[in-house]
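Here are my notes on this model, as numbered points. Please read them with the structure open.

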Amino acid sequence: MALHSELWFPSVIWSGMMHSVDNIDIAKFAYRRKKEDKGVVISNYGGWQSSSLTVSENLSVDYLIREILDTEVDNCRRQVGLPPLELYNIWININPPNSYNHLHNHVGAVFSGVYYVSADENQGNIQFERSDGAEYHLPLENENLTYYNATRSTYKAKTGGLYIFPGWLKHSVQGNATPKDRISVSFNYGEKK
């Protein structure tokens, strides 16, 4: 007898590289915005996080939303059988040396994500944590890590990198170990209101 296997309750992380975004223009906008916007402190330690952006503040951000995020989020939601979603909010992160983001999730979001405007892997990778309690049941000494038995997954911070994930998936960002700022754009999509 051969057992049939099914994947239930998976945590999907979509990743890809975007090459048509004007990262230089978004970086310039980020620094201008930082001068005008006190920002908010949510999961960031030592870094700056803007308040929510609005449409038409910057053409390059608008392009990122319209041509990439809306399209890619729509593809992701179709893959997992969800109804159409809408952008809830989008913001900029500037993380200077030694700054990082604490473990957190995005309450109320169906999908969350990050696009790296200016980053490299020494500036702090994004880490996703398993939150189903499996770490209390899986063998501690396991040299054969798989998607099934891993308790953490790390994705490199790299310019042009886009990661989309469930809003409830806990994640953190490692500390920036370089003298340059890491700049990213984060976002949440949810049920249409």
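Predicted model: local features only at pLDDT ≥ 70, side-chain atom pairs only at ≥ 80, totals over all residues.

1. Strand β2 pairs with β5 (residues 100-104) in the antiparallel sense, over two bridges.

2. The β2-β5 pair belongs to an open sheet of five strands. The order is β2-β5-β10-β7-β8, and the pairing is antiparallel. Which strands stand at the edges? They are β2 (44-45) and β8 (152-155). Each has a single partner strand, so one side of each is left without a neighbour in the sheet. As background, strands of a sheet pair through backbone hydrogen bonds, either parallel or antiparallel.

3. A second open sheet has six strands, again with antiparallel pairing. Read across, the order is β1-β9-β6-β11-β4-β3. The edge strands here are β1 (14-17) and β3 (48-49), each of which pairs on one side only.

4. Val-114 stands opposite Ser-186 in β11. Ser-186 comes up again in point 7, at a pocket.

5. What lies across the strands β1, β4, β6, β9 and β11? Helix α2 (residues 59-79) does. The helix runs at about 50° to β11.

6. The largest pocket has a volume of about 860 Å³. Its lining is made up of 23 residues, and the closest to the centre are Pro-10, Ser-11, Arg-130, Tyr-147 and Tyr-148. The elements that give two or more residues to this lining are β7 (126-129) and β8. The largest share comes from β8, with three residues. So how does the lining of the largest pocket divide by residue class? There are 14 nonpolar residues, four polar and five charged.

7. The second largest pocket has a volume of about 380 Å³. It is lined by 26 residues. Gln-49, Trp-91, His-104, His-106 and Ser-186 lie nearest its centre. At least two lining residues come from each of β4 (85-95), β5, β6 (111-118), β10 (171-173) and β11 (182-191). By class, the lining holds eight nonpolar residues, 17 polar and one charged. For anyone setting up a calculation here, the contrast to keep in view is 17 polar residues in this lining against four polar in that of the largest pocket.

8. Finally, the chain as a whole. There are two helices and 11 strands. From the N terminus on, the elements run β-α-β-β-α-β-β-β-β-β-β-β-β. The radius of gyration is 17 Å, close to the 16 Å that the globule rule gives for 193 residues, so the chain is as compact as a globular protein of that length. The C-alpha trace spans about 65 × 40 × 30 Å along its principal axes.

Methods: Residues numbered from 1 in each chain as written. Heavy atoms only, no water. Pairing = 2+ DSSP bridges. Helix = DSSP H or I, 4+ residues; strand = E, 2+ residues; numbered from the N terminus. 1 Å grid on protein atoms, 1.4 Å probe; cavity = no way out; pocket = protein on both sides within 12 Å on 5 of 7 lines; lining within 4 Å. Points joined across faces, edges and corners; volume = space filled by probe spheres on them. Nonpolar A, V, L, I, M, F, W, Y, C, P; charged D, E, K, R; others polar. Contact = heavy atoms within 4.5 Å. Axes fitted to C-alpha atoms, helices over the stretch in contact; angles between N-to-C directions. Rg over C-alpha atoms; globule rule 2.2 N^0.38 Å.
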